[in-house]
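Hi,

Here is the structure I promised to pass on. Have a look at it, and then read on for what turned up.

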Amino acid sequence: MRQKQKEWITNELRQRYIRAINYPHVKLHPRKRDQILDEVYDLIERKEIWIPYGEVKRHYFSKIPSFIRKNKKMMQEEIKGES
């Protein structure tokens with residue numbers, strides 16, 4: 001898989017995960033987390049990118065802590081901007 005495809009997949013997962021977070025420092029409920037994975041995998045299949053589901057799932061789960069950190073950082077910057 002090309003780097004550009006990998007970045008696209010990570011960005012899709014990150015954007016959807018952060019958009020779904022209701023509370024800045026809390027992981028999503030497993031059902032919602034899995035729903036995001038399925039949505040992004042459907043997009044991957046539509047783009048005809050061949051990558052096993054398990055590989056995307058592993059990558060996604062490994063990235064969740066960084067998604068949460070990024071969201072926390074964005075929230076802090078928003079608060080500073082409002083002050």
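Which residues of α3 are buried? They are Val56, Tyr60, Ile64, Phe67, Ile68 and Asn71, where buried means under 20% relative accessible area with a 1.4 Å probe, protein chains only. These residues pack against α1 (3-20) and α2 (30-46).

Before going further: this is a predicted model, with local features needing pLDDT of at least 70 and side-chain atom pairs counting only at pLDDT 80 or more, while totals for chains, interfaces and linings use all residues. Residues are numbered from 1 along each chain as its sequence is written, and side-chain values use heavy atoms, leaving out hydrogens and water.

The chain has 3 helices and 0 strands (helices are DSSP runs of H or I, at least four residues, and strands are runs of E, at least two). Buried residues make up 30% of its 83 residues.

Back to α3, residues 53-82: its 30 residues should span 44 Å at 1.5 Å a residue, and the end C-alpha atoms are 41 Å apart, which agrees (the expected span is 1.5 Å times one less than the number of residues). There is also a bend of about 40° at Ile64, with Pro65 following within four residues (the angle is between axes fitted to the seven residues ending there and the seven starting there).

As for the other two helices, α1 and α2 pack at about 145°, their axes 10 Å apart (axes are lines fitted to C-alpha atoms over the stretch in contact, and angles run from 0 to 180 degrees between N-to-C directions). Their contact (heavy atoms within 4.5 Å) includes Trp8 and Leu13 of α1 and Ile36 and Leu43 of α2.

Cheers

How values were computed: Buried < 20%, exposed > 50% of the residue type's maximum accessible area, 1.4 Å probe, protein only.
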